[in-house]
Amino acid sequence: MKTLPIAAAFGLFGAIAVTVSFSQQWPTWVMFIAWVSFYIFGKKWQSSLWAFLQIILGMGMAVLIQLTAGFLEQFIGGFGFPVSVFFYIGSLAYFAGTQKLNNIPAWFLGLIILFGVHPPLEPLPILKLLIPITAGFFFAWLNNKVIEIIHEKQVTGSSAQ
């Protein structure tokens, strides 16, 4: 019976998140990638903020990959894209050695989001992706807070018996 309130909280927040996402015509999977990132990368606002930043940087890298590929294709044809990917993904080895920007999976989640949605390479469509990403982190944080409260009440309730 201890699992039922937790299951209800997960279900409720998931249902609300999907309803909001559908009503706003967001790519729901982008929101859920952000949700999962909150849990994978630490469940604290500081770690979430750094993961969020690196997801955004990964999206920026995806834009640079596409722009560089377009430039290189003028000179080396179809090899422009793989050479661009090689250069930028290779640069992640240098970020891996830093203290704050070393979350390579978060960078790749940003790449996945941008290449998955494949918006026009214009500022507004790309910036609009920040909305479902932010919402995903927010729903995950809110869900986690409710789960923590449920756990506290369960522990307090069982120790009172």
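How many salt bridges does the count come to? The count comes to one salt bridge. The structure is a predicted model, and the distances, angles and contacts below are computed from that model.

Start with the pair itself. The side chains of K145 and E148 meet at 3.4 Å, N to O. That falls within the 4 Å cut-off for a salt bridge. Side chains of opposite charge can pair when their charged atoms come close. Both residues sit in helix 7, which covers residues 130–160. K145 and E148 are three residues apart there, so about one helical turn separates them. Is K145 buried, partly exposed or exposed? K145 is partly exposed, because its relative accessibility is 35%. E148 is partly exposed too, with a relative accessible area of 34%.

Now turn to the other end of the chain. Helix 1 spans residues 3–24. A7 is found in this helix. At 41% relative accessibility, A7 counts as partly exposed. The C-alpha atom of A7 lies 9.4 Å from that of I147. Along the chain, A7 and I147 are 140 residues apart. F22 also lies in helix 1. F22 has a relative accessible area of 57%, so F22 is exposed. Its C-alpha atom is separated from that of H151 by 31 Å. Along the chain, F22 and H151 are 129 residues apart.

Next come the helix pairs. Two packed helices are described by the angle between their axes and the distance between the axes.

Take helix 1 with helix 2 (residues 28–40). Their axes are 9 Å apart, and the packing angle is about 145 degrees. The crossing of helix 1 with helix 2 is right-handed. Which residues of helix 1 meet helix 2? They are F10, F13, G14, A17, V18, S21 and F22. From helix 2, the partners are T28, M31, F32, W35 and Y39. By class, this contact of helix 1 with helix 2 has nine nonpolar, three polar and no charged residues. F22, exposed at 57%, is one of the contact residues of helix 1.

Helix 3 covers residues 45–76 and packs against helix 4. Here the axes are 7 Å apart, at an angle of about 140 degrees. That angle makes helix 3 oblique to helix 4. Helix 3 and helix 4 also cross in a right-handed sense. On the helix 3 side, the contact uses M61, L64, I65, T68, A69, L72, E73 and I76. On the helix 4 side are G80, F81, V83, S84, V85, Y88, I89, S91 and L92. By class, the contact of helix 3 with helix 4 has 12 nonpolar, four polar and one charged residues.

Helix 4 (residues 80–96) also packs with helix 5 (residues 104–117). Their axes come within 10 Å and cross at roughly 150 degrees. Helix 4 is therefore roughly antiparallel to helix 5. The crossing of helix 4 and helix 5 is right-handed. Helix 4 contributes F81, I89, L92, F95 and A96 to the contact. Helix 5 contributes I104, W107, F108, L111 and F115. What classes do the residues of this contact divide into? The contact of helix 4 with helix 5 has 10 nonpolar, no polar and no charged residues. F81, I89 and L92 of helix 4 are listed in the contact with helix 3, and these residues are also listed in the contact with helix 5.

Terms used. Residues numbered from 1 in each chain as written. Predicted model: local features only at pLDDT ≥ 70, side-chain atom pairs only at ≥ 80, totals over all residues. Heavy atoms only, no water. Helix = DSSP H or I, 4+ residues; strand = E, 2+ residues; numbered from the N terminus. Buried < 20%, exposed > 50% of the residue type's maximum accessible area, 1.4 Å probe, protein only. Axes fitted to C-alpha atoms, helices over the stretch in contact; angles between N-to-C directions. Left-handed = near helix turned anticlockwise from the far one by under 90°. Contact = heavy atoms within 4.5 Å. Nonpolar A, V, L, I, M, F, W, Y, C, P; charged D, E, K, R; others polar. Parallel < 35°, antiparallel > 145°, perpendicular 65-115°, else oblique.
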